[in-house]
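Let's take a walk through this fold together, strand by strand and pocket by pocket. Please keep the sequence and the 3D view open as you read.

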Amino acid sequence: MTSIYDVGLWWWPRPEPVVSRAERADCDDLATIHAAAFHRGWGAEDIAAMLAERNVLAHVIRRRPAAPPAGFILSRIAADEAEILTVAVAARLRGRGYGARLLKAHVPDLMRAGVRTLFLEVEVGNSPALHLYERAGFITIGRRKGYYRTEAGTTDAITMRRDLPAL
């Protein structure tokens with residue numbers, strides 16, 4: 001008798017993560033992810049209030065279509081500029097490309113909304129995030145002293161910009 005190991009069926013590809021627009025129903029999960037990722041996490045009601053704003057764009061990433069969110073990105077649009085307010089991925093899934101996938105899905109929607117310049121701040125010591133943004137085409141444009149509160153006091157932020165082509 002032939003087993004699944006003999007015909008190579010022992011390996012089953014994992015489904016690709018799915019990126020979609022964030023919804024009100026995601027807010028509790030997003031708050032949990034954000035609180036684990038940052039010293040001062042946002043609550044579910046804070047996130048819900050942002051999602052209700054017309055000038056806010058947010059995406060979530062899920063390990064598979066029906067799974068709870070594994071991460072999210074949220075930006076605020078003002079005229080032809082936008083600021084990424086947060087990118088957060090569940091701790092157990094960091095380093096697997098989820099942040100890059102979120103950016104890859106998020107930026108084209110910002111471009112369709114007329115955004116031509118995208119800004120963000122990132123904690124000076126957050127090397128994984130700095131590398132992510134640099135690989136995504138962001139350039140450093142400044143530094144904000146004491147921008148982030150930490151358990152030890154404050155730390156600086158690196159400000160970054162990416163120019164987007166017109167559609």
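Helices (H or I, at least four residues) and strands (E, at least two) are taken here as DSSP runs, numbered from the N terminus. With that naming in hand, we can say that E4 gives the largest share of the lining of the largest pocket, namely 7 residues. Do keep in mind that this is a predicted model.

**The sheet**

The strands build an open sheet of 7, in the order E1-E2-E3-E4-E5-E7-E6, with mixed pairing. At the edges stand strand E1 (18-21) and E6, each with a single partner strand, so one side of each has no neighbour in the sheet. From one strand to the next, the twist averages 25°.

| Strands | Direction | Bridges |
|---|---|---|
| E3 (residues 69-78) and E4 (residues 81-89) | antiparallel | 8 bridges |
| E4 and E5 (residues 117-123) | parallel | 4 bridges |
| E6 and E7 (residues 153-163) | antiparallel | 8 bridges |

Ala78 has Glu81 of E4 as its bridge partner. Glu83 is found opposite Phe119 in E5, and Arg149 faces Thr154 in E7 as its opposite number.

**The hairpin turn**

E3 and E4 form a hairpin, with 2 residues between them. As background, most residues other than glycine have a negative phi. Is Ala79 buried or exposed? Ala79 has a relative accessible area of 73%; exposed means over 50%, so Ala79 counts as exposed.

**The pockets**

How much space lies in the largest pocket? The volume comes to about 1,200 Å³. A total of 35 residues line this pocket, and those nearest its centre are Ala37, Phe38, Thr86, Val87 and Asn126. By class, the lining divides into 19 nonpolar, 8 polar and 8 charged residues.

The second largest pocket holds about 210 Å³ of space. Its lining consists of Arg14, Pro15, Pro17, Arg63, Arg64, Leu93, Arg96, Tyr98 and Arg101. Of these residues, 4 are nonpolar and 5 are charged, with no polar ones.

**A residue in H1**

To finish, turn to Ala35, which is found in helix H1. With a relative accessible area of 46%, Ala35 is partly exposed. Ala35 and Leu120 are 85 residues apart in sequence, and their C-alpha atoms are 19 Å apart in space.

Conventions:
Residues are numbered from 1 along each chain as its sequence is written. This is a predicted model: local features need pLDDT of at least 70, side-chain atom pairs count only at pLDDT 80 or more; totals for chains, interfaces and linings use all residues. Side-chain values use heavy atoms; hydrogens and water are left out. Two strands pair if DSSP finds at least two bridges between them. On a 1 Å grid over the protein atoms alone, a cavity is a set of points where a 1.4 Å probe fits but cannot get out, and a pocket is an open set with protein on both sides within 12 Å along at least five of seven lines; lining residues have an atom within 4 Å of a point. Grid points are joined across faces, edges and corners, and a volume is the space filled by probe spheres set on the points. Ala, Val, Leu, Ile, Met, Phe, Trp, Tyr, Cys and Pro count as nonpolar, Asp, Glu, Lys and Arg as charged, and the others, Gly among them, as polar. Buried means under 20% relative accessible area, exposed over 50%, partly exposed in between (1.4 Å probe, protein chains only). Axes are lines fitted to C-alpha atoms, for helices over the stretch in contact, and angles run from 0 to 180 degrees between N-to-C directions.
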